Every structure is written in C-alpha cells, then in structure tokens.
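Hi everyone, thanks for coming.

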Amino acid sequence: MNSSKLEQIRPKIEALEAIPTIPAVVLPLTSMLQSAPDQVNIERIVELASYDGTIAAQCIRMANSPLFGRRNTETVRSAILALGLKRVEAILLGCCLNQIVPSDKWVFDAVTFWRHSLGCALVSRRMAKLIGYPDPEKAYLAGLVHDLGILVNTIACPGDFLQAIRTARAEFLALHRSEERNLGFTHCQSGKILAERWSFSADLIEAIEFHHDVGQLASRPLASLIHISDLLCRLRDLGYGYYEAMGVHLAGDAAWAALANQYPELAKTDLARLTMDIDGAMDEITAIVDAVFKPQQPSTEQ
Amino acid sequence: MAAFDEQVANTATKSGAEDLRDPAYLKIRDVIYQISGIYQPEEKLYLLASRCARRMSAVHAKSPSEYLDHLTILANRDTELRLLLNEITIGETYMFRSPPQLDALRNVILPQLIEAKSAMGFKRLRLWSAGCSTGEEPYTLAMFLLEESAHLLAGWTFDILATDLNDNSLAAARAGIYREYALRSTSEQLRKKYFRPHDEERLQVTDQIKSLIRFDRVNLNDDGKMTFLKGIDLIFCCNVLIYFDLSSKRKVVQHFYSNLLPGGYLFLGHAESLYQVDDRFQLVHFPGAIGYWKAPVVYRGDGKP
C-alpha cells in the first residue's frame, strides 16, 4: 500500500468539506437514519425534503408510482407518509451525497453506484435483524455510506480512478484490488478521510475503512456486516456494473467467522434464501434509485 | 419489498388480480419451501399466486387458505403438491437457460478444476446432468464445452452423462430435435454450428454433439446404481430434488457428494436450496448463481481435516 500517495491527495479530500450544503443536510440525516423508525420526527424530514424542490418533486412522483399503489399524493408530507420515513431518508441522503459529484464528473455510473449502496444498506439491515445485531438502522446507514471513497476518488483523482475502473472491468477484478494497483490506495482509505472530516461515528468510519480488509474484521461487527452485504450485493447484480470473476464461500469467510463468534444466529442463517430475497428486492431498489437519479425521465412503468 | 424491508408504509400489489395480502400465500410459500426446497421471495408471490390459481380452480378451492389444506391436511396432499410443483417449474426448460452458471464455469470453476487436475496429470472432465428431462441441459453443456475447447479446455477430453427416470423424456433427449422455444436463447452462430434442420419448424443437434453425451435411465433413488457412479467433476440437478421427500432428498444429496471428486460442484435449479438437507456441501456464490462445493480435504497435520 502506497501511503505517501494517499497523503498527497489528503489535502484535496479535506478541501471537499468546503462544498456547500453537504454537511448541513448530511449530518442531521445521518443522525436521523440511526434512530428507530418510531423516534423519527416526521416534521424534520418534511423540512429536509423540502429544502430542494427537485427532491420534493421526486418523492411525490415516487409515491404516485405503481409500486406504491398510484395514490393521488400532492404534498411532500403525504408523499413521505406513503413512502415510509426510512425510504425518504435514503432518497435524501442519496441526493445530498450525489451532489458532491457534479453530474458531468462521474467516472462511475451514478445509478450503478447508488443501486449498490442502497442494496448494501438493505441487506445489512436485513442481516442485522436476522442475527440480532442491536442496531439495524446503523447497519443500514453504514451500507449507504460504505463506498463514500468512490465519490472521493471521483473528485480527487478522476484520471487514475477511471483507469482503475477500466482495469477492473477488463480483468474481472474487484475494484479495490484495481485501485491498489492504479492509485496506490483504495476507496476504503480515501472514504475514511472524508468520513473523519465529516465527524462520522467511529464504527461507521471503521465500516468504511475496513469493509474489504478481512484481516481487520475480528471484533468489528459493523464492518463485518458491511463486508458480507457488499459481497452479496456484488454477487446478485447489485455490484459495480461489471462482471467480477469470483466464487465466494461466505460461510468460510473471515468476516463470517468474526461475526458468527459474536452472533451465533448467523450460523443458522439460510444463505440461499437470503440470496433469493435480495433478488426479490431488486424492483424496489431500482425504483428508489430512479427516484433519486432520473428526475427528468417520465415514468415508463405500467 | 415487505419481506425485505419491514418498514413498509403501504401494501403494494403488483397486478391487483390476486389478493396477495392473504397470509395463506405466505404459508403456501413456506410449505413449498419446507417440502421441496423451492423458494419464492415475498415480492414475487404474485407469480406463485398465479400458479396456485390454476390448481385452485382444478380442485375447486375457493380461497388460498382452503387450497393450503389441499397441500397440508387433505389426503391428496402429496399428489397436489406434485401438481403444483409441475405448475411452478413448467416451461422452464430451454437451452442456455442460465448464463450466470456458464459464466461461473468459464471464469471461475473451470480454471480452478483445470489447475487442480493438471497438477495431478489429468486432462479429462466428467459432467452429469441428473434429471436431464428432454436433453436441453446436457446439449447446452456439450456446446459450452466444445466452444471452450478452443481456449480453456484445449487438449482436454470430456464426457457428459445425462440421466432421467422418464423413458419418454430420454427418447426425446436422444433424438435431440427442438422447436424455437427450446432454442430461444441459442445464438445464430451456435445454431449453425451444432444443429441441422429437421423440418420446417424444428432443428436437430448434430452427431458431433450427441457423441459427447451418454444417455441412461437412472433412478436417483436406486442406491445400487448411485453408488456405482464415481469420479464426476460437475453435477447439474435442476428442479428434480423438489419432488423428493426430505429423507430421500438427503440420501440423493449424500450420493451426489460421493459421486463427485473433491473440488467438484453440484448445481441446482435457480430457486432451489439445500438448506437443512445437507451440511457437507459448502454453499458458494458466483455472480448470479449458487453452487454447492465438495471441498477438497486438506490435511493440516493436526489430524483434523
């Protein structure tokens, strides 16, 4: 690992904080995302959702889509009630984080990226509940932000990052392996720098930093959860949008052992069934991501 | 996404035609999963509901919960479950049905097998399509292997065993004559290479392809015959075990485990699971596909495998 290269881009990453509006909305959102659903203040969500007219319109359009029963929803408030608070929070966080990358600067397909993040969030929460991890909402949030470093790399070193993506795509490689080769560091490390600047909680930062680092997962349950969910998503068409040549024996994975040690329920998990549930969740993930990233397209669903 | 995301603020219905909120459908789903190992995620229950609808009208069940009785309590339950499973798996057979499985073979499994077997001086692969029905699966594997023999498998020999219990299916498989439905995922290039016209509507596989496959009638419950089969690298058993009860399913899967060489894989139908049927196979995920792996025994010198 070339840490001097990471130090070179550190100032660039830290300068990201200067981009307007992000910390203002992200911070209250991240704290809200960690609350249990019955403790979330709906008025605060309405307020946050209304700060940006596009997002508000998206929530309303989505609430009126066939997936949610085609209601006649006209206000942000009723849209939020129709969609559910947790879903709106995900849309909001996605929109806000998405704005740190100008739309013409994406070297990674934005829709693919958010499909992966949201997929990972849902799988993490699902697994957290299955195994009795005490904070499923934190698992959800960690899934949403675990690849923050991909946004960082996009802004801080787009040329090299694009090359890393091309190599990964051509050689069916995991992205972090290709980043090591092309950048000298991974999105885990660059994501950690931004997460620290944004004062994310310690375990969130660990999930961002260690989700590809199986050697570091012992006694880091949140990072282990994210490691497994990330793998499952990449294996079920919620990955980085290219083919990765991998055969993963999850139950033999170090993260699995680390987690099973603390949460014995994990050993009883029906992995085949969980995998098929992920496939079943695909329609909804697509709908949420489309709501965030395809604002101008009319609905084509019937 | 009710099963997946429990904070659903509404109940979404896909078609509105079936009342999917009827909890009986979830129970039917669970009964099917428990008995056959076929799983339907909650978001896809509308598919299950439409399959049930046909059987419900056949047995004059007025509601899903009444139909649930047909599957669980009434005397006809074994027959009825079999008929419902027929509905669920019907029309699924065609060539190149599971590209992710073939991708996994090409990109992960074959390189693995080739490395391990070359190290021991072997250059031969044995595949088994267990429950080959009318032959779509073994012919797909044969075409796949022939295509790879120019690259990955240069210098390798392979044979494919294709077995079924049903004589009519086996006869159709041996004939190798297919309509458009079976060929809908077969590229023009492969059609030209491995098929010849049979009549105006049908194509027949060439003798080159047929020569790679040995068809045989095998009852997977026949211990004698099952014990005899050895040295297999890959077993494909798609939507067959679903018709077996738990104890025979366990027995068949144990046989499969012994039939396979260490390092070999068993593949099932895409909605099938071996959960609680077997604990020796390791579940391995590939992009878009799941395989069951017979791990090679590694001796660590501490007396434990």
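I'll start with the domains and then move to the sheet.

Quick housekeeping: this is a predicted model, so local features need pLDDT of at least 70 and side-chain atom pairs count only at pLDDT 80 or more, while totals for chains, interfaces and linings use all residues. Residues are numbered from 1 along each chain as its sequence is written, and chains are lettered from A and ligands numbered from 1 in the order in which they are written.

Okay, chain B splits into domain 1 (23-89) and domain 2 (99-293), with bounds from an automatic or database domain assignment. Their centres, taken over C-alpha atoms, are 29 Å apart. Where they touch, domain 1 of chain B puts in 8 residues and domain 2 of chain B puts in 9 residues; contact here means C-beta atoms, placed from the backbone, within 7 Å. On the domain 1 side, helix α4 (residues 77-89) of chain B gives the most, with 3 residues.

Now the sheet. Chain B has 7 strands in an open, mixed sheet, ordered β6-β2-β1-β7-β8-β10-β9. Strands are DSSP runs of E, at least two residues, and helices are runs of H or I, at least four, numbered from the N terminus; two strands pair if DSSP finds at least two bridges between them. β6 (213-217) and β9 (282-286) of chain B each have a single partner strand, so one side of each has no neighbour in the sheet.

Note on methods:
Contact = placed C-beta atoms within 7 Å.
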